Amino acid sequence: MQFGLALAGQFLPGDDPRTRVAETLEQVRAAREAGFASVWAFQHFLADFQFLQPVPLLARLLSEAGDMHVGTSVLLAPFYPPVLLAEELATLDVLADGRLIVGMGAVYRDEEFRAFGVPRAERLDRLAETVQVLRDLWSGAPVTHRTSRFVLENARLRLRPIQGERVSVWIGATGPRGLRQAAQIGDEWLASPELSLPAVAQRQKAYRDALPDGVRPEAKAFPLLREAYVAGSREAAIRTARPALTTKYEAYARWGHAVGDFDELTRDSFVFGSVCDCVEQVQRYAAELATSHLIVRMQWPGLEQRQVLDSIAAFAEVIARFPR
């Protein structure tokens, strides 16, 4: 089992972003000391919060990350010209010495579709096409690609990722078509944090069934993203996290992303409680979902830095219970 720390990367409108960046770097150092294997950054555009964009953020924190992998969770790939994305991610992989994981997903916010002039109906096709063009470019071979969306004529990427075309691509998806697509074009499917364990299991079956011939499900990490907070008890964890996490999930609801009732989420989806409570939940993920890479987010807009660092430090005891 490996563990990743998902950085909030988003702050309340009145916050000083320089202070929040300094706090983010401190969180990464704490995660490294706690034994986390990876660190992740999210993406949205024109959001309700101040939002640090993931590629420059991850590049900045590499010195704090040490030998941890860095990942995007998830890049909104349908909004990017593939050449721009290929070049930026190749640069980031070089800076990370080949430790980049690229999480990508389709898009769901109407405001983002309007801002980029991308039709909602094209989002999944654009995602699949972008992944294919990225891999072709990362191979270093000349690429000729002609569709109604992207046209490349004998394009060659000179700066290749350290990993070449095998940069690991994880696809975030929740719907039936997205899950099938994740199985076909990605290296892993990344499950989102609001899904309960039974909901993940149901979707995981659809994902497994859609894997190409010859791809063994047992070789997959089945990564899982969860909101998490560690305190002396489950009640204390919920009490501490509730105000900031409610702010975040109310924003999801405004954006049109379906989320459940907070109390229901704390019962069925979030990793909240004492060290023992959290260990028990992680053991369930390993046993019932075959998850071997759990990514936890421990900060949301409004949560104090001391509270974030306390939870990261306590989670080190959870990590210590699982062999790497």
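Me: Leaving aside its neighbours within four places in sequence, which residues is Gln181 in contact with?

Reply: This is a predicted model, in which local features need pLDDT of at least 70, side-chain atom pairs count only at pLDDT 80 or more, and totals for chains, interfaces and linings use all residues. Residues are numbered from 1 along each chain as its sequence is written, and side-chain values use heavy atoms, with hydrogens and water left out. Contact means heavy atoms within 4.5 Å. Gln181 is in contact with Leu124, Asp125, Leu127, Ala128 and Gly186, its neighbours within four places in sequence left aside.

Me: Is Gln181 buried or exposed?

Reply: Buried means under 20% relative accessible area, exposed over 50%, and partly exposed in between (1.4 Å probe, protein chains only). Gln181 has a relative accessible area of 10%, so it is buried.

Me: Which residues does Val230 touch, not counting those up to four places away in sequence?

Reply: Val230 touches Gly273, Ser274, Val275, Cys278, Ser311, Ala314 and Phe315 on that count. Val230 and Ser311 are 81 residues apart in sequence, yet 5.0 Å apart in space, C-alpha to C-alpha. Val230 is buried as well, with a relative accessible area of 5%.

Me: At what angle do helix 7 and helix 10 pack?

Reply: Axes are lines fitted to C-alpha atoms, for helices over the stretch in contact, and angles run from 0 to 180 degrees between N-to-C directions. Helix 7 (residues 197–210) and helix 10 (residues 275–289) pack at about 25 degrees, with axes 11 Å apart. Helix 7 is therefore roughly parallel to helix 10, a label for angles under 35 degrees.

Notes: Helix = DSSP H or I, 4+ residues; strand = E, 2+ residues; numbered from the N terminus. Parallel < 35°, antiparallel > 145°, perpendicular 65-115°, else oblique.
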